[in-house]
Amino acid sequence: MSRANNHANNRPIPLPRTLRSAGELIEAGLVGLVGADDAQAMDRAAEAMPIAITPHLLDHMAPAIARQFVPTAAELQPHPDDTPDPIGDEAHSPVRGIVHRYPDRVLVKPLLHCPAYCRFCFRRGQIGEDDGSLSDAELDAAVAYIAERTAVREAILTGGDPLMLPPARLGEIVHRLAAVPHIEVVRIHTRVPVTDPRRVNAETLAALRAEKAVFCVLHCNHPDELTDETTAACARLIEAGIPMLSQTVLLKGVNDDVEVLAALMRALVARRITPYYLHHPDLAPGTAHFRSTLAKGRALVAELRKQVSGICMPTYVLDIPGGFGKVPAEGPLIEADSDGRYRVRDRLGETHAYPPAKPPRGAVADTEAT
Ligand code: SF4
């Protein structure tokens, strides 16, 4: 079946009242939060990645939320370190919808839509594609790929945001993955509890009920994202038997501050969500204004460790550009070079320059989205 023949049920559920254009953002008064130049730049920024801001985000539009979701003129500024496909998805995609790096786990991307689009997204070149949902035939091929590889133990649903799928389709995918004998864990990477918590409803919870372990990893970057509705959505997931972890992207002007990070990690733990990763931002084009230096990130994390308990400490990680995998950003695998750059050793012992001196080539590694 071609993608044009996609079953109607595979399509993301459209959201009423989501703001999707510069005009709607201006009408909602959001331009005042970011700057006058940005009004003119928004349409051009939206060419690289669409605009989407949900009613929930609009209702809770704090500065840290605006900075993440409202496009700005800064997205139009190229940077020498910008790297298209920064973590090498394409080089590791043997069939549509699969990204396979480590032998024991695969990413499955059933759609490329999200309720709201984060302006720093490392998949910004793919996200929002009109025809980004896997067709039935493409899903068959993706499941067959996994079924043929007995070393794969974990299937990681990402995207786009998998909780944007209609519950029937989500349930079908979760159950087909869980039914593969060697799959032990199905992991869902999502930002839905933050961007549109009402989607975590009874149908969604029923879709996630499976005969194998199902984990949920929440993408959350600032304590202001943990609204009452978001907290309630996470509680529904946890009370449905789904353990929750979190991942946070270190973002300049959003959370590159030890007090903010400490408040975030404590607030997550208080909601029974275990901090998992703090990601150093990837080198996606148009996102340089969000990137802190590794030196600053390391200093922040060292300070964070002094302030919070072990249960509140995520692992600070760098995804080596080109798809060579994550490495702990604090540890001995990363060494400062004399020219202000770094040498990073991947899990196979190969050394890479960071930021890369030239476009990286693909290799074996692991990564996650959402
Ligand atoms: S970071 Fe995640 S939720 Fe945000 S736009 Fe990218 S894929 Fe969607």
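The legends below describe an overview and several close-up views of a predicted model.

**Figure 1. Overview of the protein chain, with its 12 helices and 12 strands.** The radius of gyration is 20 Å, close to the 21 Å that the globule rule gives for 370 residues, so the chain is as compact as a globular protein of that length. Along the principal axes, the C-alpha trace spans about 55 × 50 × 40 Å. Of the 370 residues, 46% are buried. Among contacts between residues at least 6 apart in sequence, 79% join residues at least 24 apart.

**Figure 2. The open sheet of 9 strands, with mixed pairing.** The strand order is E1-E2-E3-E4-E5-E6-E7-E8-E9. Strand E1 (98-100) and strand E9 (325-328) stand at the edges; each has a single partner strand, so one side of each is left without a neighbour in the sheet. On average, neighbouring strands of this sheet are turned by 30° against each other, direction ignored.

**Figure 3. Strands E5 and E6, with helix H10 packed on the sheet.** E5 (residues 213-219) and E6 run parallel and are joined by 4 bridges. Helix H10 (residues 228-239) touches E5, E6 and E7, and its direction makes about 140° with that of E6.

**Figure 4. The parallel pair E6 and E7 and the crossover that links them.** Strand E6 (residues 244-249) pairs with strand E7 (residues 273-279) over 6 bridges. Val 249 has His 279 in E7 as its bridge partner. Between the two strands the chain passes through helix H11 (residues 258-270), and this β-α-β crossover is right-handed.

**Figure 5. Strand E8 between E7 and E9.** On one side, E8 (residues 315-320) pairs with E7 in the parallel sense over 3 bridges. Here Leu 278 stands opposite Tyr 316 in E8. The pairing with E9 is antiparallel, with 4 bridges joining the two strands. Val 317 stands opposite Pro 328 in E9. The hairpin of E8 and E9 has 4 residues between the strands, and in this hairpin Gly 322 takes a positive phi near 100°. Of the 6 residues of E8, 5 are buried, so this strand is largely enclosed by the rest of the structure.

**Figure 6. The largest nonpolar core and the surroundings of Val 106.** This core has 93 residues. Those with the most contacts inside it are Leu 25, Val 106, Val 108, Tyr 117, Ile 146, Ala 155 and Leu 177. In soluble globular proteins, nonpolar side chains tend to be buried together. Leaving aside neighbours within four places in sequence, Val 106 is in contact with Ile 98, Val 99, His 100, Ile 146, Val 152, Ala 155 and Ile 156. Of these contacts, Ile 146 and Ala 155 are also listed among the core residues with the most contacts.

**Figure 7. His 100 in strand E1.** His 100 has 19 C-beta neighbours inside 10 Å, whereas a buried residue needs 20 or more, so His 100 counts as partly exposed. Not counting residues up to four places away in sequence, His 100 touches His 92, Pro 94 and Val 106. Pro 166 lies 66 residues from His 100 along the chain, and their C-alpha atoms are separated by 25 Å.

**Figure 8. The open sheet of 3 strands, in the order E10-E11-E12.** Pairing in this sheet is antiparallel. Strand E10 (334-336) and strand E12 (351-354) are the edge strands, each pairing on one side only. Neighbouring strands here are turned by 25° against each other on average, direction ignored. Strand E11 (residues 342-345) pairs with E12 over 4 bridges. In this pair, the bridge partner of Val 344 is His 352 in E12.

Notes
Residues numbered from 1 in each chain as written. Predicted model: local features only at pLDDT ≥ 70, side-chain atom pairs only at ≥ 80, totals over all residues. Pairing = 2+ DSSP bridges. Right-handed = clockwise from strand over helix to strand, strands pointing away. Axes fitted to C-alpha atoms, helices over the stretch in contact; angles between N-to-C directions. Contact = placed C-beta atoms within 7 Å. Core = buried A, V, L, I, M, F, W, Y, C linked by C-beta atoms within 7 Å. Buried ≥ 20, exposed ≤ 12 C-beta atoms within 10 Å, placed from the backbone. Rg over C-alpha atoms; globule rule 2.2 N^0.38 Å.
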